Amino acid sequence: MFELLGIPPQALFGQLLLGLINGSFYAILSLGLAIIFGLLNIINFTHGAQYMMGAFAAWMLLNYLGIPYWGALIVAPIVVGAVGIVLERLLISRLYHLDHLYGLLLTFGLALIATGVFRNFYGISGLPYGMPSQLSGGQNLGFMFMPNYRGWVIVASLVVCFATWFIIERTRLGAYLRAATENPTMVGAFGINVPRLITLTYGFGVGLAAFAGVLAAPIYNVNPNMGADLIIVVFAVVVIGGMGSILGSIVTGFGLGLIEGLTRVFYPEGSAVVIFVIMAIVLLVKPAGLFGRTV
Amino acid sequence: MKKTGLIAASIVGLLMASAAHAQTSIKIGVLNDRSGIYSDITGEGSAIAAQMAAEDFGTDKGITVEVVSADHQNKPDVGSNIARQWYDTENVDVIADVPTSSVALAINDITREKNKIFLNSGAATSDLTGSKCSPNTVHWTYDTWALANGTGSAMVNAGGKTWFFLTADYAFGHALERDTSAVVVANGGEVLGVVRTPFPGTDFSSFLLQAQASGAQVIGLANAGGDTINSIKQASEFGITQGGQALAGLLMFVNDVHALGLDVAQGLVLTESFYWDLNDQTREWSARFEEKTGKKPSMIQAGVYGAVLHYLKAVEAAGTKDAEAVMAKMKEMPTDDPLFGKGVVRQDGRKVHPMYLFRVKTPDQSKGEWDLYETVATIPADKAFRPLADGGCELAK
């Protein structure tokens, strides 16, 4: 039996697969951020809170309305996305003509408020959310025990990422969106309602965050801080991928998940930092990010 | 206008001064985490527990009690500033609770320097009554030694001879791992490996897989709060407990189990010094607490109640609030309260009482939202805490 740096290959495959699963979360979250930044020019710091709200929405749907996981997977992103749309209309849309910094401050403030409100009503310890029975259990892959749910997370994430990429890069609607960000006046002149397009885009980006929140609810602790713990890493992913690059955020999300997974095997203490080290290197070598366009 | 104001103020001042002759007034500062990860197990609930202790002590004994509270945000510098301000300018006589070991050690020093009294309930570190012990500190509810001893020896004696630790990579996690390893080895067990996990963490599956691969019989979770909840949730997902390995939650509170849900948490073994459903007295008190807060109390909140009640009794017995005299009374008088029963405060400041080994119920056994534990064993007071001579405390002579 050969070994690689003292780690048996089975363990290594297992860890790589786990890294890929974590990468799925990074990918969905950074995708939402990238869309919002790319099309609205807003650095959406509420993204973590919206991910948390997705998980809480799943819990509320189950406990107040009896809607199980599968329903929540569809309803929660719509509800949270709608809340996002209201926010965009009422507050964020007033900042488009200002510097990025204002949007960042506003959304950061909103994130703190959302976290505080949920902490006030539900406490900090978290809420229990069970695994859907269809996905409990797992498969023995020979080199590791693969929970069915983690497999589902990878599949769901790939499907959602691909669909989003396809809509934006390959459909007429996506073409309008991309054109509207380049030159909103011109696109408006063709009779397209640009503000509505932008509002819906924000709602969609928020919905993606909420979708990731529902995916996370059965395996991560559902508490008001769950987004704050993750959002910094996701921002690093977006920066490495290139701010606003759709493909960049997807590829980097999965890729960094893998790298983080490997670090957890060889040097666990460093696994929380490795992404930021990579970010620093990328910024030094290629400041626009791996997939970003140089300005 | 100004003149009348001054006259009114001096009259009030005179009245207060004369009242102070007849009454001892005590100001208790409850200092803890009111917004962060420990705000459920300490927070406002601890302040309410202190208030309840003052009410239950009674207003007819010539002692008036005022409870104030503040948020130390789990930061030693923030906590130290509040403590100095309380002691120097706001006439606070005693600081209670203080979770987070680093903050507690800072308050321990300041209280000693100002010659006031520190009633710790929330912090875990056994150094408070060991190498850092102080004549002004009482450590009431639990400590890392007691947790390690309770859960560690119980698991080894139940056949869990080989251990693998998931340790939160900071002082608290290291201390808990060190204390538990010592207990495991002393009971004839063996530690196969350790993985230090970044704090705080979300995904523990890689670390759990490493623990699984080690083949250890017990996976010791030397972490707390959200880290523990995530590890346990994911261990169940990866079939670790079903595969025959047992999990040992080395620091778990009833609120953590509540957050996990019984489907995931069932069968876990853990050590606490208080549970709301122990006896009629704890049930009665916890029902009153729940009326005010909407939740069952954690052992830390119960500990704040017990410590404040004992302190007030000592003030009454000493007839003064002088720190030295009151501390002497606290250590001389046996403790007796509805939550922890009878006990003593040792010379090193350690409050000793029984600890309980609990097992988390299965969903079928549970009859309500907070019906979470069954008692496996009671560890008697003389076995539950580190022996006086072993702590290295200078007061233990």
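This is a predicted model: local features need pLDDT of at least 70, side-chain atom pairs count only at pLDDT 80 or more; totals for chains, interfaces and linings use all residues.
## Chain A as a whole

Let us start with the overall build of chain A. Its secondary structure comes to eleven helices and two strands. Taken along the principal axes, the C-alpha atoms of chain A fill a box of roughly 65 × 50 × 35 Å.

How does the radius of gyration of chain A fit that of a compact globule? A compact globule of 295 residues would have a value near 19 Å, and chain A has 19 Å, so the two agree. Buried residues account for 51% of the 295 residues in chain A. The contacts also reach across the sequence: among those between residues at least 6 apart, 75% join residues at least 24 apart.

## Helices and the UniProt record for chain A

An unreviewed UniProt entry places the feature "transmembrane region" at several stretches of chain A, among them residues 12-37 and 149-168. In the model, residues 12-37 of chain A are 100% helix and 0% strand, and the end C-alpha atoms of this span lie 36 Å apart. Residues 149-168 of chain A are likewise 100% helix and 0% strand, with 29 Å between the end C-alpha atoms.

## Where the chains meet

Next comes the place where the two chains touch. Here 30 residues of chain A are in contact with 31 residues of chain B. Four elements of chain A each supply at least two residues of the side that touches chain B: helix 1 (9-40), strand 2 (145-147), helix 9 (226-241) and helix 10 (246-266). Helix 1 of chain A gives the largest share of that side, five residues. What classes of residue make up the side of chain A that touches chain B? There are 15 nonpolar, twelve polar and three charged residues.

## A sheet and a helix in chain B

For chain B, an unreviewed UniProt entry places the feature "domain: Leucine-binding protein" at residues 25-361. Over these residues chain B is 45% helix and 21% strand, and the end C-alpha atoms are 45 Å apart.

Three strands of chain B form an open sheet in the order 11-12-13, with antiparallel pairing. Strand 11 (335-337) and strand 13 (351-352) of chain B each have a single partner strand, so they stand at the edges, and one side of each is left without a neighbour in the sheet. Strand 11 of chain B is joined to strand 12 (residues 341-345) by three bridges, and B:Asp337 stands opposite B:Gly341 in strand 12.

Now find B:Ala317 in helix 12 (residues 299-318) of chain B. B:Ala317 has 15 other C-beta atoms within 10 Å, so it is partly exposed. Leaving aside neighbours within four places in sequence, B:Ala317 is in contact with B:Lys329 and B:Met333. B:Ala317 and B:Met333 are 16 residues apart in sequence, with their C-alpha atoms 9.1 Å apart in space.

## Backbone details in the loops of chain B

Most residues other than glycine have a negative phi, and most peptide bonds are trans. B:Asn74 has a positive phi of about 60° and lies in the loop between strand 2 (63-71) and helix 3 (76-89) of chain B. B:Asn115 has a positive phi near 55°, and its place is in the loop between helix 4 (101-114) and strand 4 (117-120) of chain B.

Finally, a cis peptide bond joins B:Phe199 and B:Pro200, with omega about -10°. B:Pro200 sits in the loop between strand 7 (190-197) and helix 7 (205-214) of chain B.

Terms used: Residues are numbered from 1 along each chain as its sequence is written. Chains are lettered from A and ligands numbered from 1 in the order in which they are written. Two residues are in contact if their C-beta atoms, placed from the backbone, lie within 7 Å. Ala, Val, Leu, Ile, Met, Phe, Trp, Tyr, Cys and Pro count as nonpolar, Asp, Glu, Lys and Arg as charged, and the others, Gly among them, as polar. The radius of gyration is taken over C-alpha atoms; the globule rule is 2.2 Å times the number of residues to the power 0.38. A residue is buried if 20 or more other C-beta atoms lie within 10 Å of its own, exposed if 12 or fewer, and partly exposed in between; C-beta atoms are placed from the backbone. UniProt positions are given in the numbering used here, feature names are shortened, and annotations may be inferred rather than shown by experiment. Two strands pair if DSSP finds at least two bridges between them.
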